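Please examine the sequence and the structure before reading on.

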Amino acid sequence: MSGPRRCIATTDRGRAASIRARLDPYQGGRFHIRETDPRTTEGNRDVKITIAGAGIAGLAAARALALDGHGVRACEKSPEISEVGAGIQVSPNGYAVVKALGLADALDAVSIRAERVRLIDGPTGREVVGLDLRRRGGDAGWRFVHRARLIDLLKDGAEAAGVALETGAEIAPPPAGAALEGDDLLLGADGLKSRLRARVDEASKPFFTGQVAWRALLPDAGAAPEVEVHMGPGRHLVSYPLQGGLRNIVAVEERQGWAEEGWSHRDHPANLRGAFTGFSPRVKGWLDRIEDVHLWGLFRHRVADRWWSGHQALIGDAAHPTLPFLAQGANMALEDAWVLARALREGLLAEGLGRYQAERKARVTRVVDAATANARNYHLSSPLVRGVAHAGLRLIGMAAPDRLLGRFDWLYGHDVTRG
Ligand SMILES: Cc1cc2nc3c(=O)[nH]c(=O)nc-3n(C[C@H](O)[C@H](O)[C@H](O)COP(=O)(O)OP(=O)(O)OC[C@H]3O[C@@H](n4cnc5c(N)ncnc54)[C@H](O)[C@@H]3O)c2cc1C
């Protein structure tokens, strides 16, 4: 990498002004539009990349790209790289990437190996079906981890690979197609509210999905390594243990609107308890012990049509925010990171970015659609429909338990690092 490059864009008068006038109402920012397209063939992998956003997508991509020899800096607008206390489920497809990035031991050290998924009828507390995650023997790579620990290990991994990390550094998106000055690529890992997305894809606004999610942690030492999904009319609650004697709670409720200023805020635990009064004593027991809870409006926009344009590309939630009902947002971000790095190993930058989009878009679209469908399955309102659906699941669970998890082999069994 040549000389220190600053993440925060500053005005580049002259050329920038004329491009601004031509292309975009962009306000300030040092950028350029390259006429040349760097080759990324063997021996010349030194593509200079700035990543906007140091969440899971940005940090994973930073490590993957730096390991390949590119000059990478990651810029995070927050004053520090931190996470609201909450858990995340890493599934085998995401774990494969963590492993390929050389971080599996670090993840194992801070996570719990998940063994079972239990779907439970929320009001009665009766198990509908239990799925053994070890059904094929061995360790497929299911983990429960605190988000802050996952972020920490990706951050350490990025820095160890030579990534320059800057915090308090907000990237003002340059005009469509342009990288920042001195760079070949600007990667938008700036999440659901991505500003770079409007440059790469047509401007589309995130929409409220009619669901909100509370997230909370409570002390619960010695819990079984299982994820429990308690399903009820118009709502469901997911819970699993985390290291440090903690239990993670994600509780989702259907709502008409989201009028709050921000996208998430602290809520009173009584509101969460009130929403799940009809649920079993086990759930109520957990909720009674919650002292601190955050509430999210669940927003989404469609999977981007274009994932790259000129010297800009999108990754993670910036390209494809998804509902959390298959626990795949972070896992997809990990997959993106690996596929992007591999795609940039050969040929022109544009060819690599084209391969990246081609490999990711259809898969991610399928995942997003499946997560949306899961919301409907979890929230069945009619007692009759719910009874029939649960009886069906129970039957399959007893007769052919493999069939239930096997329906998702295309998702969890897919290893992008083998491609
Ligand atoms: C309730 C809930 C539960 C979930 N559970 C799971 C789960 O169990 N498993 C799973 O795989 N996924 C889960 N997800 C989804 C997952 O959290 C997200 O998909 C994932 O975190 C997206 O990562 P990201 O890096 O793309 O975006 P983000 O995590 O949003 O990171 C974007 C980063 O960019 C920064 N930024 C924004 N703009 C700029 C800018 N202009 N310049 C510099 N920095 C900028 C932001 O500050 C932020 O740090 C869940 C989501 C929710 C809401």
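In which sense, left-handed or right-handed, does α9 pass α10? The crossing of α9 and α10 is right-handed; a crossing is left-handed if the near helix is turned anticlockwise from the far one by less than a right angle, and right-handed if clockwise.

## Basis of the model

This is a predicted model, in which local features need pLDDT of at least 70, side-chain atom pairs count only at pLDDT 80 or more, and totals for chains, interfaces and linings use all residues. Residues are numbered from 1 along each chain as its sequence is written. Helices (H or I, at least four residues) and strands (E, at least two) are DSSP runs, numbered from the N terminus.

## Helices α9 and α10

Two packed helices are described by the angle between their axes and the distance between the axes. Axes are lines fitted to C-alpha atoms, for helices over the stretch in contact, and angles run from 0 to 180 degrees between N-to-C directions. The axes of α9 and α10 (residues 349-378) are 8 Å apart, at an angle of about 160°. The two helices are therefore roughly antiparallel; angles under 35 degrees count as roughly parallel, over 145 as roughly antiparallel, 65 to 115 as roughly perpendicular and the rest as oblique.

## Helices α3 and α9

Helix α3 (residues 92-100) and α9 have axes that come within 8 Å and cross at roughly 45°. This angle makes α3 oblique to α9, and their crossing is left-handed.

## Helices α2 and α5

The axes of α2 (residues 56-67) and α5 (residues 147-160) cross at roughly 25° and come within 8 Å. These helices are therefore roughly parallel, with a left-handed crossing.

## The ligand shell

The ligand is surrounded by 34 residues, the closest being Gly53, Gly55, Gly191, Gly316 and Gly329; a residue is near a molecule or strand if its C-beta atom, placed from the backbone, lies within 6 Å of it. By class, the shell has 17 nonpolar, 10 polar and 7 charged residues. Here Ala, Val, Leu, Ile, Met, Phe, Trp, Tyr, Cys and Pro count as nonpolar, Asp, Glu, Lys and Arg as charged, and the others, Gly among them, as polar.

Elements that each supply at least two shell residues include α2, β3 (71-76) and α9 (329-343). Helix α9 gives the most, with 4 residues. The ligand lies between domain 1 and domain 2, because both give residues to its shell; the domain bounds come from an automatic or database domain assignment.
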